[in-house]
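Work through the exercises below with the sequence and the structure side by side. Try each task before reading its solution.

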Amino acid sequence: GTYEILFDTKKELKPRVRENGTADYLDLGIVVNVHKGQTLCKISHPTDGTEGISVRGEKIKPVSGKPVPHLLGSDTYLNEQGTAICSTINGHVVFSGGVIIVNETFYVRGNVDSSTGNIKVLGNVEISGDVLSGFSIEADGYIQIRGSVESASIRAGGNISLRSGIYGSNIVCSGDLTSRFIEN
């Protein structure tokens, strides 16, 4: 059998090129968002093979094909026909350890800066560092930031929890905002 993964599995963090030819250095494509029910991988079933003939004219029995390796990870399912792997939730998808995994929460180990670019997810975001000036974070769920936010834009469909504080930023949330301090 064969399979075709329908999302980008290689994280080449490079700027997105706009239609006018300029580069957007804040959009690095770090997050691959998927919707509930979206097909992530197409699968073709193995065939039985065809009979062959040796150089002496003898018949050679066909070798049956092997099935596709197990690719199901968390929050994914195989459709009824066994021909596609789909997402069970809205979130971001990764191909890790030979399996397809959909996560509701996107984790940033460190700061949101030029190494990550802007972050936009269909689920939740947790950041262990700071959000530096000029960057933005958008999430349909909650946002939790352990560091500080300075001159950034934060938008959440749920709660925003800041363990430190905010300096001169634009913050929008549909839930509760928790912060140690808010300045400008």
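**Exercise 1.** Is Asp-75 buried, partly exposed or exposed?

Solution. The model is a predicted one, in which local features need pLDDT of at least 70, side-chain atom pairs count only at pLDDT 80 or more, and totals for chains, interfaces and linings use all residues. Residues are numbered from 1 along each chain as its sequence is written, and side-chain values use heavy atoms, with hydrogens and water left out.

Step 1: take the classes. Buried means under 20% relative accessible area, exposed over 50%, and partly exposed in between, with a 1.4 Å probe and protein chains only.
Step 2: apply them. Asp-75 has 33% relative accessibility, so Asp-75 counts as partly exposed.
Step 3: Asp-75 lies in the loop between β7 (59-60) and β8 (76-78). Strands are DSSP runs (E, at least two residues), numbered from the N terminus.

**Exercise 2.** Find the phi of Asp-75 and of Asn-184, and describe the surroundings of Asn-184.

Solution. Step 1: recall the background. Most residues other than glycine have a negative phi.
Step 1: read the values. Asp-75 is not a glycine, yet has a positive phi of about 60 degrees. Asn-184, also a residue other than glycine, has a positive phi near 60 degrees.
Step 2: locate Asn-184. Asn-184 sits in the segment after β21 and is exposed, with a relative accessible area of 81%.

**Exercise 3.** In what order do the strands of the four-stranded open sheet stand, and why do β13 and β20 each have a side without a neighbour?

Solution. Step 1: take the pairing rule. Two strands pair if DSSP finds at least two bridges between them.
Step 1: give the order. The sheet runs β13-β15-β18-β20, with parallel pairing.
Step 2: find the edges. β13 (119-121) and β20 (170-173) each have a single partner strand, so one side of each lacks a neighbour in the sheet.
Step 3: look at one pair. Four bridges join β15 (residues 136-139) and β18 (residues 153-156) in the parallel sense, and Ser-136 has Ser-153 of β18 as its bridge partner.

**Exercise 4.** Which geometry does the pair of Tyr-167 and Phe-181 have?

Solution. Step 1: set the limits. Rings of Phe, Tyr and Trp (its six-membered ring) pair if their centres lie within 6.5 Å; planes under 30 degrees apart count as stacked, over 60 as edge-to-face and the rest as tilted.
Step 1: apply them to the one aromatic pair of the structure. The ring centres of Tyr-167 and Phe-181 are 5.2 Å apart and the planes stand at 65 degrees, so the pair is edge-to-face.
Step 2: Tyr-167 belongs to β19 (residues 160-167) and Phe-181 to β21 (residues 177-183), 14 residues apart.
Step 3: check accessibility. Tyr-167 is partly exposed at 35% relative accessibility, and Phe-181 is partly exposed at 31%.

**Exercise 5.** Which residues does Thr-116 touch beyond four places in sequence?

Solution. Step 1: locate Thr-116 in the loop between β12 (105-108) and β13.
Step 1: class the residue. Thr-116 is buried, at 8% relative accessibility.
Step 2: list the contacts (heavy atoms within 4.5 Å). Thr-116 touches Leu-28, Ile-30, Val-108 and Asn-111.
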